[in-house]
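Reader: I'm new to this one. Could you walk me through how to read it, feature by feature?

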Amino acid sequence: MRKELHETNRIAWNEATKAHNSHKLDQARFFREGGSTLFPDEIELLGDVSGRALLHLQCNAGQDTLSMARLGATVTGVDISDEAIAFARQLSADSGIPATFHRADVYDWLQEQPGAQFDVVFSSYGALVWLSDLRAWARGIAHVLRPDGRVTLLDFHPMLSMLGDDWRIEYPYSTHGQPLTFEEGIGDYVAMSGAALAPSGYLEGVQNFRNPHASHEFAWAMSDIIMALLDAGLALKTLREYPYSNGATLREGMRDIGGNRFVPPADLPEMPLMFGIVAHRELT
């Protein structure tokens with residue numbers, strides 16, 4: 001586990017989060033009027049969460065966390081970024097949607113918890129690349145899940161992570177826990193994607209954002225992810241691959257096929273851009 005790199009990433013995320021939220025119009029009003037930032041795919045994978053205790057790991061600024069609260073869950077969000085958690089707490093207060101948010105490295109937070117508290121653990125969209133030890137993460141999830149509880153993941157596919165902006169293979173499929181360092185840090189993917197990632201309304205906000213802090217990512221293969229969950233004693237129930245990306249235009253020339261779903265340029269073949277997993281802690 002590379003805690004010192006997690007700390008560097010925390011600083012980079014603090015800067016990026018301010019830029020990201022600068023593009024989103026009156027999010028509190030959006031939620032007060034019944035808005036949600038969830039896509040149909042995560043709603044389907046989550047299933048019925050009404051009345052469930054739900055833990056959102058790497059919750060960022062809390063928009064999806066509050067959207068899951070709107071589905072009837074009692075939600076707890078955890079994120080390493082000070083800026084993100086401060087924003088999430090304020091958004092919860094201003095929108096009137098109750099939620100609990102903790103600023104912590106997810107590894108530290110999971111280790112400190114008593115076991116079997118949550119019915120559902122959720123994580124999504126670019127979360128796994130920030131984890132330096134998948135096995136410790138999966139063990140932490142298994143620790144806090146109640147019997148018959150489930151973890152739901154929806155993230156960008158490792159195949160997409162291999163590709164540079166021009167769709168050529170540039171990065172390894174798995175780095176086996178070794179970091180990839182990006183001196184340019186975390187970019188402004190909300191500005192890149194526009195209204196697709198700003199359902200409350202898009203603002204110009206911060207322009208030409210340049211992150212002054214480097215970031216460190218970890219590439220994980222599908223087998224790395226699945227085996228971490230299985231080795232933690234969880235049972236795989238669902239595995240899906242999606243030929244589109246929800247909301248984010250992460251590479252050049254991506255096309256909107258409706259519903260803010262994006263696919264590669266027309267001259268490229270179909271490929272998996274996201275994956276979904278549901279795994280259960282079975283009754284003993």
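This is a predicted model: local features need pLDDT of at least 70, side-chain atom pairs count only at pLDDT 80 or more; totals for chains, interfaces and linings use all residues.

Reader: What do the buried residues of α7 pack against?

Author: They pack against β1 (53-57), α6 (106-112), β4, β5 (145-156) and α10. Among these buried residues are Leu 134, Trp 137, Ile 141 and Val 144.

Reader: How many of the residues of α7 are buried?

Author: A residue counts as buried when its relative accessible area is under 20%. Eight of the 11 residues of α7 are buried, so this helix is largely enclosed by the rest of the structure.

Reader: Next, salt bridges. How do I spot one, and which residue does Asp 108 form one with?

Author: Look for a side-chain nitrogen of Lys or Arg within 4 Å of a carboxyl oxygen of Asp or Glu. Asp 108 forms a salt bridge with Lys 3, and their closest N and O atoms are 2.6 Å apart. Asp 108 belongs to helix α6 and Lys 3 to helix α1 (residues 3-21), so the pair ties together parts that are 105 residues apart in sequence. Asp 108 is partly exposed at 28% relative accessible area, and Lys 3 is partly exposed at 32%.

Reader: How many salt bridges does a search of the whole structure find?

Author: It finds 13. One of them joins Glu 33 and Arg 29, with the closest N and O atoms 2.9 Å apart. Glu 33 counts as exposed at 57% relative accessibility, while Arg 29 counts as partly exposed at 47%. There's also a network of salt bridges linking Glu 7, Arg 10, Asp 82 and Arg 103.

Reader: Now the rings. How many aromatic pairs are there, and how do I describe one?

Author: The whole structure has eight aromatic pairs. To describe one, check the distance between ring centres and the angle between the planes: under 30 degrees is stacked, over 60 is edge-to-face, and the rest are tilted. Trp 109 and Phe 118 make a tilted pair, 6.3 Å centre to centre with 45° between the planes. Both Trp 109 and Phe 118 are buried. Tyr 242 and Tyr 244 have their ring centres 5.8 Å apart and their planes at 55°, so that pair is tilted. Tyr 242 and Tyr 244 are buried too. Elsewhere, Trp 13, Trp 130 and Tyr 189 form one aromatic cluster.

Reader: Last one: which residues make the nonpolar surface patch?

Author: Met 227, Leu 230, Leu 236 and Leu 239 make it, and the patch is about 320 Å². At least two of its residues come from α10 (222-231), and at least two from β8 (235-242). Leu 230 lies in helix α10 and is partly exposed, with a relative accessible area of 37%.

Key
Residues are numbered from 1 along each chain as its sequence is written. Side-chain values use heavy atoms; hydrogens and water are left out. Patches are made of residues with over 30% relative accessible area and no salt bridge: like charges are joined within 9 Å, nonpolar side chains (Val, Leu, Ile, Met, Phe, Trp, Tyr) within 5 Å. Accessible areas come from the Shrake-Rupley method with a 1.4 Å probe; for residues, only the protein chains shown count as cover. Helices (H or I, at least four residues) and strands (E, at least two) are DSSP runs, numbered from the N terminus. Buried means under 20% relative accessible area, exposed over 50%, partly exposed in between (1.4 Å probe, protein chains only). Contact means heavy atoms within 4.5 Å. Rings of Phe, Tyr and Trp (its six-membered ring) pair if their centres lie within 6.5 Å; planes under 30 degrees apart count as stacked, over 60 as edge-to-face and the rest as tilted.
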